[in-house]
Amino acid sequence: MKVLILFAHPAFERSRVHAKLIRAVKQLPGITLRDLYEVYPDFDVHPDTEQQVLKEHDVIIFQHPFYWYSGPALLKQWMDLVLEHGWAYGKNGVALQGKYWLQVVSTGGNEEAYSPEGHHGHVIKQFMLPFEQSAKLCHMHYLPPFVVHGATQLTEQQLDQYAAGYTNILQSLQSGQLDLQKAQQLLELNSLAGAPETISASK
């Protein structure tokens with residue numbers, strides 16, 4: 001499957017986590033990376049261009065920091081303009097039907113903070129409900145997020161592990177080794193970040 005990464009970070013030059021993740025995956029075959037803040041610094045998103053890019057890919061990844069329980073402003077602008085009625089949803093809106101939607105996010109809080117008993121009171125997947133429902137409205141298959149927890153506290157070794165896990169998940173998606181149906185039942189895809197040849201949602 002062809003993978004499109006829509007990367008949205010308004011301060012990428014200061015991002016330790018996403019710089020590591022992007023370096024790990026941008027050279028993989030079959031991966032297209034679009035840095036939305038680089039392409040649209042003035043927020044003037046071109047729907048026709050973005051829609052053509054979407055058509056050419058099977059897996060759409062929205063990669064971004066987790067801002068106020070959502071994504072950066074440009075990502076919302078992109079969704080508002082690109083996912084048009086009659087194209088992505090509504091009458092005759094089936095252009096994205098059958099494609100996969102995945103989010104790769106970083107959080108300042110650790111994993112315990114994003115739990116029913118933690119500071120935020122919910123797991124990350126629950127905060128992603130607006131994105132999940134958007135995917136369903138567009139007739140897409142929504143996958144649980146891949147989450148880098150505690151971004152400011154991670155060691156280089158831990159960052160390397162997250163980057164390797166992200167790489168493994170993309171390679172498994174592309175090769176068809178990822179059990180997509182079972183993966184959809186998880187809270188996060190992090191638990192699937194094993195070696196590419198052994199990764200399986202049933203583990």
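Predicted model: local features only at pLDDT ≥ 70, side-chain atom pairs only at ≥ 80, totals over all residues.
Residues are numbered from 1 along each chain as its sequence is written, and side-chain values use heavy atoms, with hydrogens and water left out. Helices (H or I, at least four residues) and strands (E, at least two) are DSSP runs, numbered from the N terminus.

**Aromatic pairs**

- Rings of Phe, Tyr and Trp (its six-membered ring) pair if their centres lie within 6.5 Å, and planes under 30 degrees apart count as stacked, over 60 as edge-to-face and the rest as tilted; by this rule there are eleven aromatic pairs.
- One of them joins F7 and F12 in an edge-to-face arrangement, with 4.8 Å from centre to centre and 75° between the planes.
- Buried means under 20% relative accessible area, exposed over 50%, and partly exposed in between (1.4 Å probe, protein chains only); F7 counts as buried because its relative accessibility is 1%, while F12, at 26% relative accessibility, counts as partly exposed.
- F62 and W78 also form an edge-to-face pair, 5.6 Å centre to centre and with 75° between the planes, and this pair links distant parts of the chain, since F62 is in strand β3 (residues 59-65) and W78 is in helix α4 (residues 73-82), 16 residues apart.
- Both F62 and W78 are buried.
- A single aromatic cluster is formed by F66, Y69, Y114 and F127.

- The buried residues of α4 are L74, L75, W78, M79 and V82, and they lie on the same side of α4 because they cover an arc of only 140° around the axis, the arc being that of the directions from the helix axis to the C-beta atoms.
- In general, an α-helix has 3.6 residues a turn, so residues three or four places apart point the same way.
- With contact taken as heavy atoms within 4.5 Å, the buried residues of α4 pack against β1 (3-7), α2 (36-39), α3 (47-55), β3, β4 (100-106) and α6 (129-137).

**Salt bridges**

- A salt bridge is a side-chain nitrogen of Lys or Arg within 4 Å of a carboxyl oxygen of Asp or Glu, and a search of the whole structure finds eight salt bridges.
- In one of these, R16 pairs with E156, the closest N and O atoms being 3.2 Å apart; because R16 lies in helix α1 (residues 16-25) and E156 in helix α7 (residues 156-175), the pair ties together parts that are 140 residues apart in sequence.
- R16 is partly exposed, with a relative accessible area of 36%, and E156 is also partly exposed, with a relative accessible area of 42%.
- D160 forms a salt bridge with K20, where the closest N and O atoms are 2.8 Å apart, and this pair likewise links distant parts of the chain, with D160 in helix α7 and K20 in helix α1, 140 residues apart.
- D160 counts as partly exposed at 40% relative accessibility, whereas K20 is buried, with a relative accessible area of 16%.
- R16, K20, E156 and D160 are linked in a network of salt bridges.
- D160 and V17 are 143 residues apart in sequence and 9.6 Å apart in space, C-alpha to C-alpha.
- The side chains of E132 and K136 meet in a salt bridge (3.6 Å, N to O), and both residues lie in helix α6, four residues apart, about one turn of the helix.
- E132 is buried, with a relative accessible area of 14%, while K136 is partly exposed, with a relative accessible area of 48%.

**Surface patch**

- Patches are made of residues with over 30% relative accessible area and no salt bridge, like charges being joined within 9 Å and nonpolar side chains (Val, Leu, Ile, Met, Phe, Trp, Tyr) within 5 Å.
- Y67, W68 and Y69 form a nonpolar patch on the surface, with about 410 Å² of accessible area together, where accessible areas come from the Shrake-Rupley method with a 1.4 Å probe and, for residues, only the protein chains shown count as cover.
- W68 is found in the loop between β3 and α4 and is exposed, with a relative accessible area of 82%.

**Positive phi angles**

- F43, although not a glycine, has a positive phi of about 65°; F43 is placed in the loop between α2 and α3 and counts as partly exposed at 29% relative accessibility.
- N92, which is not a glycine, has a positive phi of about 65°; N92 is placed in the loop between α4 and β4 and is exposed, with a relative accessible area of 62%.
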